[in-house]
Amino acid sequence: MSAPSPETAPWSVHVVADSDTRWKWGASIADRLAPVPAHIHGHLLIGRATPNGQQLADVGARADTVRRVGIAQLLADLAGTDAEVVVLSCVGGTIHSLMHGLARAWAGRATRPVVVTGYVGVVYERLVDGLLLRTGADVILANCANDARRFRDVLAAVGAEPDDVVRTALPYLDGATYDGAAAGRDRPFTVTLVAQPSVPATRSERRYALGQAVAHAVAHPERHVIVKLRGRLGEQTTHVERHHYTDLLPGDEVPDNVEIAYGSMTDVLDRTDLCVTVSSTAALEAMHRGIPTGILTDFGVREALGNQVFLHSGALISWPALHAGDIPKTDPEWAADNGVRDDEPYTALQERVAELVANPELRPRLRPWLDPDRAPYYLPRLLRRNGLDVDGTALVSDPAWRSADPGLRRRMIRATARKAYRVGVRTVEPRIRKWAQL
């Protein structure tokens with residue numbers, strides 16, 4: 001049997017991620033950038049939000065191998081890889097640190113993998129900071145035409161290459177087109193509140209959001225209300241969740257037509273007739289499928305919430321309006337400009353990566369934009385926070401606890417203390433109160 005040609009041979013793609021959401025994005029991008037299905041190898045960085053087995057199952061992303069590693073072990077593993085592509089799907093500071101580490105690990109090689117990175121969701125804050133932390137990768141993905149314009153403007157302003165930005169779409173905008181006739185035929189009209197770990201942030205705000213979902217179920221007993229939670233109690237997600245909704249939901253006051261759901265967003269949207277959220281990317285998933293979608297204004301329209309991104313979308317609405325029966329309608333022009341509907345979102349990505357893979361001269365040594373000349377104060381501190389020296393070498397071997405950086409040890413201690421505090425507040429304190437009433 002003859003060997004496959006380079007055009008049809010499966011690529012090897014390594015995906016580096018540090019949370020469940022970022023793993024979902026990175027693995028999904030890896031599954032779409034190659035001309036034929038690639039061999040995907042996942043590397044989950046050990047840290048606060050490393051996904052557990054249940055979270056990986058909920059994400060459902062395809063991978064041939066998945067392993068959990070520290071940053072030193074990761075760099076050692078990738079130093080000699082013959083992979084065609086490495087996808088960096090982490091928080092910005094980690095991406096930039098990894099690029100410095102990989103630049104050193106791959107120094108002297110005749111060729112190296114193509115490095116692809118981007119954003120896992122809506123870009124609503126820290127545009128310049130976050131983008132420059134990704135600058136230096138061969139391909140920086142923009143999830144929509146609007147983001148692509150903004151990214152290229154920033155890169156041009158700092159003397160970087162605007163053409164490194166490639167417009168694509170969020171890779172999990174899929175699922176069946178909404179069937180409006182299903183409500184009443186196959187199920188009751190279903191309203192889904194998509195919760196977020198950190199938006200809104202305060203206990204009272206989150207209690208209000210949950211209370212309004214319950215109030216909607218009471219006001220509309222013919223409807224079904226789903227509260228789609230981001231993670232189960234105790235799971236660590238991309239964003240810290242200080243007030244989990246299960247702690248705020250009084251079980252004896254929940255109507256029968258209210259359901260708490262976890263797991264796949266696609267499965268929940270399959271039975272949703274109205275999606276409601278503050279600013280979750282699930283809104284884009286729902287809009288893509290044609291599901292009526294409401295962006296809550298009850299807490300204002302503010303950059304801190306991320307819902308300012310949905311200005312001009314036609315989706316802004318409040319719970320009182322929803323209670324009254326209003327149904328928002330997404331503006332088609334806004335949808336087209338913000339990546340909701342695109343007939344061929346991955347063609348440009350596939351063409352660019354294929355060109356880079358075929359032409360090693362187009363990908364010289366990695367050059368992260370922040371370097372010792374441009375950022376002599378900021379860069380060393382950024383690298384040390386991620387366990388690297390200024391030249392990109394690992395300060396110590398894994399685990400990170402043995403790092404010479406005392407700031408890292410302090411952050412790990414604080415993270416452990418916060419976790420213990422949450423367990424105390426959510427589990428121990430309620431039981432003590434219950435025992436005290438006996």
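In this predicted model, the largest nonpolar core is built from 40 residues, and V13, L33, V85 and L349 have the most contacts inside it. Helix α1 (residues 20-30) hands over the largest share of this core, five residues.

Take V85, one of the residues with the most contacts inside the core. Leaving aside residues up to four places away in sequence, V85 touches W11, S12, V13, H14 and L33, and also P113, V114, V116, V353 and V357. Two of the names on that list, V13 and L33, are themselves among the residues with the most contacts inside the core. There is also a second, separate core, made of 39 residues, with L102, F151, V154 and L370 among them.

Next comes helix α4 (residues 92-105). Most of α4 is covered up, with 12 of its 14 residues buried. The buried ones are G92, G93, T94, I95, H96, S97, L98, M99, H100, G101, L102 and A103. L102 turns up again here, as it is also part of the second core.

What about empty space inside? Rolling a probe the size of a water molecule over the atoms shows where it is left. The count comes to one cavity of 30 Å³ or more, and the largest cavity holds about 50 Å³ of space. Its lining consists of L193, V194, A195, Q196, V199, P200, A209, Y245, T277 and V278. Sorted by class, that lining has eight nonpolar residues, two polar ones and no charged ones.

Terms used:
Residues are numbered from 1 along each chain as its sequence is written. This is a predicted model: local features need pLDDT of at least 70, side-chain atom pairs count only at pLDDT 80 or more; totals for chains, interfaces and linings use all residues. Side-chain values use heavy atoms; hydrogens and water are left out. A nonpolar core is a set of buried Ala, Val, Leu, Ile, Met, Phe, Trp, Tyr and Cys residues joined through side-chain atoms within 4.5 Å. Buried means under 20% relative accessible area, exposed over 50%, partly exposed in between (1.4 Å probe, protein chains only). Helices (H or I, at least four residues) and strands (E, at least two) are DSSP runs, numbered from the N terminus. Contact means heavy atoms within 4.5 Å. On a 1 Å grid over the protein atoms alone, a cavity is a set of points where a 1.4 Å probe fits but cannot get out, and a pocket is an open set with protein on both sides within 12 Å along at least five of seven lines; lining residues have an atom within 4 Å of a point. Grid points are joined across faces, edges and corners, and a volume is the space filled by probe spheres set on the points. Ala, Val, Leu, Ile, Met, Phe, Trp, Tyr, Cys and Pro count as nonpolar, Asp, Glu, Lys and Arg as charged, and the others, Gly among them, as polar.
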